[in-house]
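This report goes through a structure by topic: the ligand site, the aromatic rings, the nonpolar core and the backbone.

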Amino acid sequence: MNEKYIDELLEKINNLKAQGEQEIEELRVKLLGKKGEVTHLFEEFRTVPPEQKKLFGQKLNVLKNNALAKIEALKESLADSQQGNAASGQLDLTMPGDKMELGARHPISITREEIISIFKKFGYTVAEGPEIEDDWHVFGALNFPPEHPARDMQDTFFIDNHDENKILLRTHTSSVQVRSMERMELPIRVICPGRVFRNEAISARAHCIFHQVEGLYIDRNVSFADLKQAILLFAQEMFGPDTKIRMRPSYFPFTEPSAEVDVSCNICKGKGCNICKGTGWLEILGCGMVDPAVLEASGIDSKEYSGFAFGMGIERIAMLKWQVNDLRHYFENDVRFLREFETVI
Ligand code: DAH
């Protein structure tokens, strides 16, 4: 009997690895089976001289116990990995699959698509423009006088403030009005959805990034009555067929006359509740007849053509539609909020 051979076999056993059930069984037979290496040593033990029996007896017992323990350990780790223990790097393809979670569309996307699809029915096409704009398309061409406060750092994120035609993040999608007038053939009927940026402190009612949809219609003989009808039809498609609108005189540099539009509160049906602050009305957009100076700035003959424009905040429309009371929900992507829209198609 060779002491070194026993020590080496012990070390070999301690380092054994096996891939599957079959390999483990093969190892067990090779070590502990009838003709196994460990079994064979026990047979040889009979021939060991009496004075060496104690030494070899102890060594062989350690060897056998280690072999048994190692086989057990291999079996256990195989069972673990079959239970999907990722750390072991093994996959059990017979396990039932994980449930597929369906995502929900974001309420801003849902609302944007709905607004677009309503205006598409009226014959509008979608136009988009850049988020990084110049002063001319955001302010100059829209009749903002040079000293207008909207051009102030308080509101606008400037990227390059040195040139006269400054580079900035658009503060409204009215810039796409200008781009459409510049490059489209008349008559024009476009709807312009997009992201806008204003340097506002984030709160329940304001955010520095939000979304708007701009609308523009230019043709011969477009009147304020056409504007009113377009907005009424939109409001009824969006908030229900009983919805009423009212127009309040307002001011925008690029429209004359200008108005702000309210819809009858769809929660209390106009009776007055805490959503409409007891008034029965909810403000949804700004609009007006395109100022002749704005038409001329983009090369359109204001004696021959007239038009109307309107602009609305998508977050605002979505808040009214689903009674969301804090704008920040739209940006935080808390799945508990997003899941509420799973069933909205
Ligand atoms: N651009 C305006 C804003 O950001 C919204 C607006 C008002 C757009 C009146 C228009 C309009 O086209 O006619 O507040």
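## Ligand site

Around the ligand there are 15 residues, and His172, Ser174, Arg198, Gln212 and Glu214 come nearest; a residue is near if one of its heavy atoms lies within 4 Å of the molecule. This is a predicted model, in which local features need pLDDT of at least 70 and side-chain atom pairs count only at pLDDT 80 or more, while totals for chains, interfaces and linings use all residues. Residues are numbered from 1 along each chain as its sequence is written, and side-chain values use heavy atoms, with hydrogens and water left out.

Ser174 places a polar side-chain atom 3.0 Å from a ligand nitrogen atom. A polar backbone atom of Ala309 is 3.1 Å from an oxygen atom of the ligand, and a backbone N or O atom of Phe310 lies 3.3 Å from an oxygen atom of the ligand. The ligand taken alone exposes 350 Å², of which the protein buries 89%; these areas come from the Shrake-Rupley method with a 1.4 Å probe.

## Aromatic rings

Rings of Phe, Tyr and Trp (its six-membered ring) pair if their centres lie within 6.5 Å; planes under 30 degrees apart count as stacked, over 60 as edge-to-face and the rest as tilted. By this rule there are 12 aromatic pairs. Phe119 and Phe310 are stacked, at 5.0 Å centre to centre with 25° between the planes. Phe119 belongs to helix α5 (residues 107–121) and Phe310 to strand β10 (residues 306–313), so this pair ties together parts 191 residues apart in sequence. Helices (H or I, at least four residues) and strands (E, at least two) are DSSP runs, numbered from the N terminus. Both Phe119 and Phe310 are buried, where buried means under 20% relative accessible area, exposed over 50% and partly exposed in between (1.4 Å probe, protein chains only).

Tyr330 and Phe337 have ring centres 5.9 Å apart and planes at 70°, so their pair is edge-to-face. Tyr330 and Phe337 are also buried. Ring pairs join Phe119, Phe122, Tyr124, Tyr217, Phe234, Phe308 and Phe310 into a cluster. The charged end of Arg189 sits over the ring of Tyr217, 4.7 Å from its centre; the rule asks for NZ of Lys or CZ of Arg within 6 Å of the ring centre and within 35 degrees of the ring normal.

## Nonpolar core

The largest nonpolar core has 44 residues, of which Ile115, Ile284, Phe308, Phe310 and Met312 touch the most other members. Such a core is a set of buried Ala, Val, Leu, Ile, Met, Phe, Trp, Tyr and Cys residues joined through side-chain atoms within 4.5 Å. Elements that give two or more residues to this core include α5, β6 (209–219), α8 (224–239) and β10. Helix α8 gives the most, with 7 residues.

## Backbone details

Two cis peptide bonds can be described. One joins Leu186 and Pro187, with omega about -5°; Pro187 is in the loop between α7 (174–183) and β5 (188–197). Another runs from Glu256 to Pro257, with omega near -5°, and Pro257 lies in strand β8.

Asn221 is not a glycine, yet has a positive phi of about 60°. Asn221 sits in the loop between β6 and α8 and is exposed, at 71% relative accessible area. Gln323, also not a glycine, has a positive phi of about 50°. Gln323 is in the loop between α10 and α11 (329–332) and is partly exposed, at 43%.

Key
Polar contact = N/O pair within 3.5 Å; in protein donor to acceptor, adjacent residues only side chain to side chain.
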